Amino acid sequence: MTIRTRLTLWYAGVLTVFLLIIGVGTYREIDEQLRHAHRRAPTEHAISETSEMVFEVGLPAVGLGLLGGWWLTRKALTPVSKLTEAITRVHERNLREPLPRTGSRDEFDRLTEVFNAMLARLDDSFNRIREFTLHASHELKTPLTILCGETETMLRDESLSAAEHERAASLLDELRRLARIVDGLTLLAKADAGQVALKLEPVRLDELVRDNFADTQILAEPQGIGVELTVCEEITARGDRHRLRQLLLNLADNAVKYNQPQGHVTMSLRRAGDTAEFTIANTGPGIPAESLPRVFDRFYRGDPAHSNEVDGCGLGLSIAKWIVSAHKGTIQIESAPARLTTVTVSLPLTS
Amino acid sequence: MRVLVVEDERKTASFVRKALQAEGFAVDVCPNGDDALAATRVTPFDGIVLDIMLPGRDGLSVLRQLRERKNTTPVLLLSARGEVNERVEGLNAGADDYLPKPFELAELVARVRALTRRSGENKSTVLRVADLTLDTVTHRAQRGGKDIELTAREYRLLEFLMHSAGRLCGRMMILEKVWDYDFDPGTNLVDVYIKRLREKVDADFEPKLLHTVRGAGYVLKEPA
């Protein structure tokens with residue numbers, strides 16, 4: 001049965017009910033008036049009684065009509081709000097899960113069906129893009145291996161002049177950068193395709209942070225950047241040791257790279273409710289508000305004028321974000337020009 | 001020293017062969033797994049460089065077959081897949097080392113060297129290069145009779161370099177052995193640590209022991 005038929009039937013039902021009420025009321029009133037009329041002639045009194053009747057019976061009937069209408073609309077719109085709720089939950093990761101269908105073959109069921117078909121097509125396209133990235137990064141590795149190998153072989157050639165040697169070395173540096181980008185892309189493409197399994201085990205976060213703190217001090221020393229670990233509470237969480245170390249080093253490396261000479265990096269690790277909270281702040285030039293939401297995007301560099309000043313693969317924060325999400329945690333960045341830039345990572349602690 | 005390189009990509013096989021030959025290895029190349037298995041039956045190799053992705057029988061299968069035949073030749077796996085778990089899978093299947101592609105040639109050579117020399121490693125608890133000594137029990141480092149203060153990480157770095165004294169150590173190899181990183185963090189962590197270590201170990205002394213090999217890595221050695 002279509003919604004149109006259903007709505008019509010319901011509305012007909014409701015109308016009948018309050019027409020009946022009005023009918024019965026009017027009938028009884030007229031009946032009484034007629035019986036009075038046999039004894040005396042109609043008076044002013046009878047007229048005012050009639051208008052009273054209109055208010056006493058008519059108003060409640062209208063009220064009932066309103067209530068019925070409201071009930072009807074709600075009834076009619078419930079499938080729409082249910083659908084809206086279901087659609088809100090759709091994002092690129094769960095395209096494969098179809099929206100629940102009622103199976104009643106009405107307009108809404110048909111709409112859900114069409115929508116599900118669209119989701120399936122989208123899922124297909126997304127998969128193709130993911131596969132493309134994955135295949136592309138694989139395909140790039142063979143020529144890259146050859147390029148790196150040949151360039152290194154060239155570097156070993158003693159008949160090369162100093163200038164040629166320098167050129168080959170610079171070429172090799174760029175090739176290695178390219179190799180790191182391809183590595184990062186492969187990792188992210190695999191993560192997107194759900195092909196990276198974390199090796200979860202109890203990990204002492206404070207030990208990882210202390211370790212990372214020591215490395216950061218060394219990394220920061222040449223630029224005269226001071227590194228401080230303000231709080232480091234003893235916390236054990238379930239996680240992938242390698243990935244968490246990669247995350248910490250990534251963030252620390254960023255905090256040093258995007259800092260200014262003689263700047264500061266401040267880290268802390270503390271328990272916050274049922275999460276472990278790691279923060280790392282730096283005194284870099286800050287990130288403008290319009291760039292902030294995009295810093296976790298792949299290859300996002302903010303101000304293109306400065307994009308070449310810092311050496312990196314442009315995937316560090318994307319990888320950091322993936323590692324945090326894979327641990328069911330959250331990562332946030334707060335910054336403004338000429339203010340501290342703070343990255344906060346929260347990882348859930350399961351007892 | 002005779003090494004078998006199992007690699008189907010012709011150019012890769014070619015420069016790996018050249019690099020290993022330049023280091024004094026005799027090198028045989030096989031383009032597929034079955035040929036490699038056949039070759040190991042007739043020739044005793046000191047090491048095998050084995051690509052995982054091969055046409056037909058893949059590298060892991062070759063490796064399992066080898067180990068089933070009780071062939072204990074050290075194997076270095078190469079892989080373009082760079083799977084996170086592939087390394088573990090490879091080591092479980094009996095590999096001695098694993099290197100993701102694209103690799104640094106110097107790194108590969110250094111690892112093959114390390115593999116083929118593994119058996120005759122120095123078992124002494126005090127490592128010595130020229131007048132530099134490192135006690136692996138007390139963690140005490142001395143040069144020319146003077147104590148050198150080292151942080152935990154610097155100690156591990158020096159210990160690794162001294163264990164591999166005279167051999168080139170690639171950046172990835174150092175990250176792996178000293179930091180236990182199975183990824184390239186893309187930082188200059190190793191270079192900065194080496195610089196610090198050099199200040200402590202070499203700055204006030206002659207001859208210099210810690211050398212940089214441009215584009216390849218580092219080597220700790222007594223000048224010839």
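Author: Helices α5(A) and α8(B) are roughly perpendicular to each other (that label covers angles of 65 to 115 degrees). In this predicted model, α5 (residues 205-220) of chain A and α8 (residues 189-201) of chain B pack at about 75°, with their axes 9 Å apart. The contact uses D215(A), I218(A) and L219(A) on one side and L189(B), V192(B), Y193(B) and R196(B) on the other; contact requires C-beta atoms, placed from the backbone, within 7 Å.

Zooming out, 32 residues of chain B touch 33 of chain A. On chain B's side, α1(B) gives the most, with 6 residues. In that helix, T12(B), F15(B), V16(B), A19(B) and L20(B) are buried, meaning 20 or more other C-beta atoms lie within 10 Å of a residue's own, while 12 or fewer makes it exposed. Seen down the axis of α1(B), the buried ones fall within an arc of 135°, so they line one face. The face turned away carries exposed R10(B), Q21(B) and A22(B). The buried residues pack against α3 (107-155) of chain A, plus β1, β2, β3 and α5 of chain B.

A word on conventions: residues are numbered from 1 along each chain as its sequence is written, and chains are lettered from A and ligands numbered from 1 in the order written. Because the model is predicted, local features need pLDDT of at least 70 and side-chain atom pairs count only at pLDDT 80 or more, while totals for chains, interfaces and linings use all residues.

How values were computed: Axes fitted to C-alpha atoms, helices over the stretch in contact; angles between N-to-C directions. Helix = DSSP H or I, 4+ residues; strand = E, 2+ residues; numbered from the N terminus. Parallel < 35°, antiparallel > 145°, perpendicular 65-115°, else oblique. Contact = placed C-beta atoms within 7 Å. Arc of directions from axis to C-beta.
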